[in-house]
Amino acid sequence: MILVTGGTGYIGSHASLVLHEAGHEVVLLDNLSNSDAAVLDRLAVLAGRPFAFVEGDIRDETLLAQVFAEYQIDGVMHFAGLKSVAESVADPLKYFDNNVAGTRTLLGAMSAANVHRMVFSSSATVYDGSQRPPFAEDAALGASNPYGNSKAQVEALLADVAASDQRWSFALLRYFNPVGGHESGLLGENPRGIPNNLMPYICQVASGMRESLTVHGDDYPTVDGTGVRDFIHVMDLVDGHVAALDYCMKNSGVLTANLGTGTGTSVIQLIETFERITGNRVPFQIGPRRPGDVAESWADAAVAERLLGWRAKLGLPEMCRDSWTWQSTLARGDV
Ligand code: NAD
Ligand code: WQD
């Protein structure tokens, strides 16, 4: 059985479904701080049966001991974490406590229960962006905010723990820019408040919830002056997690792998593709650069291909289509 922390969140919910489809038993743990229990109903529809769920916090040692005692856990997919860059700048202690100390508590409970495999949600934000992309795993590190630092600190902790005892097996997966949702429209990203990320913002403008998008800068040294990112479909991303879990079953130590498509797309190119695929207009205006943004970021995804046999299959049209299907489902109030 696989424990999925953050299982009702955006990526964790998709991962839970594909784990089930790959034949794994799954138990989800989430404190619902950034997700809704209604996700469980939709997962049950998609899987044809309910998922085991524990409402609780990865920092709760007693609860974790109970979970590991009750379920026969073979490995952990660890998605639980806070992910707002702006919030992390305002409250770094909160990010250290939740993301770093939370992972430390989880590792203690795993160790006590003799569970030594974990797939961890890291981020391309650990790269310092000083080199030209593509970013390979050995590119210079240096996060520019407390959120990114929390990911780098967990990566370092996992490396130290793995070095202490060869039973540990960790996959540190550095995501680029996950977008899209399950093609049914039943799972997707539902940010609370004003979206920070580009695709949810585009979707909300297209659906009329917001008047227009502000493009943060058009004077970068890129194809059209706007920022370039490596958008990756969430279904591809979670397939990479199943492959990484398989890898952890067979290998010990630490695997660090980028999960991206290896292709860069500019903000304007994404808007144009979204408009073409969905038939919606996305009015926008150009604003100043957003502090902390790099001009360009995309992955060198060769390690994941070589060691996991994984590569992204879905393109920008599918990412736009499935983001919009999800947004339309939300707008109809079906979820
Ligand atoms: P999300 O907020 O949708 O999901 C995270 C889930 O974890 C939420 O359901 C939240 O309620 C839960 N959670 C948070 N703290 C918890 C705690 N202490 N105990 C139990 N549950 C807790 O975010 P997501 O986009 O699905 O991201 C999943 C992971 O991937 C996060 O660790 C995030 O940092 C990482 N990541 C996300 C992106 C991205 O762009 N979405 C990129 C790189 C890395
Ligand atoms: C993409 C591009 C913006 C919004 C962030 C986190 C990172 C990771 C993924 C978790 C940039 C531009 C955006 C808008 C815009 N999360 N943009 N108008 O910044 O690559 O990464 O999410 O690990 O840590 O920093 O993604 O979607 O915010 O921005 O023009 O309203 O879209 O400037 O060029 P980013 P993003």
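Q: What makes glycine 9 a polar contact of ligand 1?
A: The model is a predicted one. In it, a polar backbone atom of glycine 9 lies 3.3 Å from an oxygen atom of ligand 1. A polar contact is a pair of N or O atoms within 3.5 Å, so this pair qualifies.

Q: How do you know that aspartate 30 and serine 33 also make polar contacts with ligand 1?
A: For aspartate 30, an N or O atom of the side chain is 2.6 Å from an oxygen atom of the ligand. For serine 33, a polar backbone atom is 3.1 Å from an oxygen atom of ligand 1. The cut-off is 3.5 Å, and therefore both pairs count.

Q: How much of ligand 1 does the protein cover?
A: On its own, ligand 1 has 820 Å² of accessible area, and the protein covers 95% of that.

Q: Which elements give two or more residues to the shell around ligand 1?
A: They are helix H1 (10–21), strand E5 (117–123) and helix H6 (146–164). E5 gives the most, with 3 residues. In total, 27 residues surround the ligand, and the closest are Asp30, Asn34, Ser35, Lys83 and Tyr147. By class, the shell holds 9 nonpolar, 13 polar and 5 charged residues.

Q: What makes arginine 229, arginine 290 and aspartate 293 polar contacts of ligand 2?
A: A polar side-chain atom of arginine 229 is 2.6 Å from an oxygen atom of ligand 2. The corresponding distance is 2.7 Å for an N or O atom in the side chain of arginine 290 and 2.5 Å for one in the side chain of aspartate 293. The limit is 3.5 Å, so each pair counts as a polar contact.

Q: Why is valine 115 called buried?
A: Its relative accessible area is 4%. Buried means under 20%, so valine 115 is buried. Valine 115 sits in the loop between helix H5 (92–112) and E5. Leaving aside residues up to four places away in sequence, valine 115 touches Phe68, Ile73, Asp74, Gly75, Val76, Met110 and Trp168. Glycine 75 is 40 residues from valine 115 in sequence, while their C-alpha atoms are 6.4 Å apart in space.

Q: Is asparagine 114 buried or exposed, and how do you know?
A: Asparagine 114 has a relative accessibility of 53%. Exposed means over 50%, so asparagine 114 counts as exposed. Asparagine 114 lies in the loop between H5 and E5.

Q: What makes the phi of asparagine 114 worth a remark?
A: Most residues other than glycine have a negative phi. Asparagine 114 is not a glycine, yet its phi is positive, about 65°. Leucine 32 also has a positive phi, near 60°, and is a residue other than glycine.

Q: Why does leucine 32 count as buried?
A: Its relative accessible area is 18%. The cut-off for buried is under 20%, so leucine 32 falls within that class. Leucine 32 lies in the loop between strand E2 (26–30) and helix H2 (38–47).

Q: What makes the peptide bond from proline 133 to proline 134 stand out?
A: Most peptide bonds are trans. The bond from proline 133 to proline 134 is cis, with omega near 5°. Proline 134 is placed in the loop between E5 and H6.

Q: What makes helix H7 (residues 198–206) mostly covered?
A: Of its 9 residues, 9 are buried. Among them are Leu198, Tyr201 and Val205. H7 is followed by glycine 208, which has a positive phi near 90°.

Q: Where is confidence lowest, and where is it highest?
A: Confidence is lowest in helix H11 (residues 316–332), with a mean pLDDT of 92, and highest in strand E1 (residues 2–5), at 99. The protein averages a pLDDT of 97, and 99% of the residues score at least 70.

Definitions and conventions. Residues numbered from 1 in each chain as written. Chains lettered and ligands numbered in written order. Predicted model: local features only at pLDDT ≥ 70, side-chain atom pairs only at ≥ 80, totals over all residues. Heavy atoms only, no water. Near = heavy atom within 4 Å. Polar contact = N/O pair within 3.5 Å; in protein donor to acceptor, adjacent residues only side chain to side chain. Areas by Shrake-Rupley, 256 points an atom, 1.4 Å probe, with all protein chains shown as cover. Helix = DSSP H or I, 4+ residues; strand = E, 2+ residues; numbered from the N terminus. Nonpolar A, V, L, I, M, F, W, Y, C, P; charged D, E, K, R; others polar. Buried < 20%, exposed > 50% of the residue type's maximum accessible area, 1.4 Å probe, protein only. Contact = heavy atoms within 4.5 Å. pLDDT = per-residue confidence, 0-100.
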